[in-house]
Amino acid sequence: QVQLVESGGGLVQAGGSLKLSCAASGIIFSINAMGWYRQAPGKQREMVATITSGGTTNYADSVKDQFTISRDNAKNTVYLQMNSLRPEDTAVYYCNAGIVVGFTAKTYWGQGTQVTVSS
């Protein structure tokens, strides 16, 4: 059974930094794109950043030059370094990955990790 487990969320003051991690476990043949999404209270889930297996990144305009996504393919792990955090970054952050198990590719989601930025 494939699982994505996130860690690194918490409470931070505005201007601070946090680094999220998301590790995929299980019987995995390969992992395609990985990404981070977030959902603030009363809002729809939105893409924050994605990274392909080759390392090509894509960011939401609201986090460019503020957040950095990276991955360690050997560890099946994706990271999100978040700097200069603002109260509007407060949300539940979800990890997402396209994982090939056997001959089937499927999108998996983590359980989410809360990030709260106080002003």
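Mentor: Cys22 and Cys95 form a disulfide, with their sulfur atoms 2.1 Å apart. The term means a pair of cysteine sulfur atoms within 2.5 Å. This is a predicted model, in which local features need pLDDT of at least 70 and side-chain atom pairs count only at pLDDT 80 or more, while totals for chains, interfaces and linings use all residues. Residues are numbered from 1 along each chain as its sequence is written, and side-chain values use heavy atoms, leaving out hydrogens and water.

Trainee: How many disulfides does a search of the whole structure find?

Mentor: One. The S-S torsion of Cys22 and Cys95 is about -80 degrees, so the disulfide is left-handed. The pair links distant parts of the chain, 73 residues apart: Cys22 is in strand E3 (residues 18-25) and Cys95 in strand E9 (residues 91-101). Strands (E, at least two residues) and helices (H or I, at least four) are DSSP runs, numbered from the N terminus.

Trainee: Is Cys22 buried or exposed?

Mentor: Cys22 counts as buried, because its relative accessibility is 0%. Cys95 is also at 0% and counts as buried. Buried means under 20% relative accessible area, exposed over 50%, and partly exposed in between, with a 1.4 Å probe and protein chains only.

Trainee: Now the core. Which residues touch the most other members of the largest nonpolar core?

Mentor: Trp36, Leu80, Met82, Tyr93 and Ile99, out of 32 residues in that core. A nonpolar core is a set of buried Ala, Val, Leu, Ile, Met, Phe, Trp, Tyr and Cys residues joined through side-chain atoms within 4.5 Å. E9 gives the most to this core, with five residues.

Trainee: What does Met82 touch?

Mentor: Setting aside residues up to four places away in sequence, Met82 touches Gly16, Ser17, Leu18, Leu20, Gln66, Phe67, Tyr93 and Val115. Contact means heavy atoms within 4.5 Å.

Trainee: Which side chains does a polar contact of 3.0 Å join?

Mentor: Those of Arg38 and Asp89. Another polar contact, of 2.9 Å, joins the side chains of Arg38 and Tyr93. A polar contact is a pair of N or O atoms within 3.5 Å; within protein, one must be able to donate a hydrogen and the other to accept it, and residues adjacent in sequence count only if both atoms are side-chain atoms.

Trainee: And the aromatics?

Mentor: A search of the whole structure finds one aromatic pair. The ring centres of Tyr37 and Trp109 are 5.0 Å apart and the planes are at 65 degrees, so the pair is edge-to-face. Tyr37 in strand E4 and Trp109 in strand E10 are 72 residues apart. Rings of Phe, Tyr and Trp (its six-membered ring) pair if their centres lie within 6.5 Å; planes under 30 degrees apart count as stacked, over 60 as edge-to-face and the rest as tilted. Trp109 counts as partly exposed because its relative accessibility is 39%.

Trainee: Last topic, backbone. What is phi of Asn76 near?

Mentor: Phi of Asn76 is near 50 degrees, a positive value in a residue other than glycine. Asn76 sits in the loop between E7 and E8. Ser84 is not a glycine and has a positive phi of about 50 degrees. Ser84 lies in the loop between E8 and E9.

Trainee: Why flag those?

Mentor: Because most residues other than glycine have a negative phi.
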